[in-house]
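Let's read a structure together, one feature at a time. Have the viewer open and follow along.

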Amino acid sequence: KEATAEARASVDDAGITVAVNAALAGDPKLSALKIDVDTSNGRVELKGSAPDDSSRRRASDLAKAVKGVVAVDNRLVVAKG
């Protein structure tokens, strides 16, 4: 049972990662950026850069809106000049 639960969690995490990537790709300010999305047990980590603070916050909001996400760790850095 434990192995089945772990396999299911992996599939769910992979689906969350795909959905978050799709949401970010659909945003005009975030789509051109290289944002790494990692998911573990429904917790999403965003790494990379954002053009400004509002886009950084928008990335968190988009990730939080994905079904199955329990938390977002936004490690995006706002690009300077």
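Q: Which residue in β2 does threonine 39 stand opposite?

A: Threonine 39 stands opposite valine 44. Before we go on, note that this is a predicted model, where local features need pLDDT of at least 70, side-chain atom pairs count only at pLDDT 80 or more, and totals for chains, interfaces and linings use all residues. Residues are numbered from 1 along each chain as its sequence is written, and side-chain values use heavy atoms, leaving out hydrogens and water.

Q: How do β1 and strand β2 run, and how many bridges join them?

A: Strands of a sheet pair through backbone hydrogen bonds, either parallel or antiparallel. Here, strands are DSSP runs (E, at least two residues), as helices are (H or I, at least four), numbered from the N terminus; two strands pair if DSSP finds at least two bridges between them. β1 and β2 (residues 43-50) run antiparallel, joined by 6 bridges.

Q: What is the strand order of the open sheet, and which strands stand at its edges?

A: The order is β1-β2-β3, 3 strands with mixed pairing. β1 (35-40) and β3 (71-78) each have a single partner strand, so one side of each is left without a neighbour in the sheet. On average, neighbouring strands are turned by 10 degrees against each other, direction ignored. Axes are lines fitted to C-alpha atoms, for helices over the stretch in contact, and angles run from 0 to 180 degrees between N-to-C directions.

Q: Where does helix α2 lie?

A: Helix α2 (residues 53-64) lies across β2 and β3, and runs at about 160 degrees to β3.

Q: Which residues have the most contacts inside the largest nonpolar core?

A: In soluble globular proteins, nonpolar side chains tend to be buried together. A nonpolar core is a set of buried Ala, Val, Leu, Ile, Met, Phe, Trp, Tyr and Cys residues joined through side-chain atoms within 4.5 Å. Buried means under 20% relative accessible area, exposed over 50%, partly exposed in between (1.4 Å probe, protein chains only). The largest core has 15 residues, and Val20, Leu24, Ile35, Val37, Val44 and Leu46 have the most contacts inside it. At least two of its residues come from each of α1 (2-25), β1, β2 and α2.

Q: Is valine 70 buried or exposed?

A: Valine 70 counts as exposed because its relative accessibility is 57%. This valine is found in the loop between α2 and β3. Leaving aside neighbours within four places in sequence, valine 70 is in contact (heavy atoms within 4.5 Å) with Asn41, Gly42 and Arg43.
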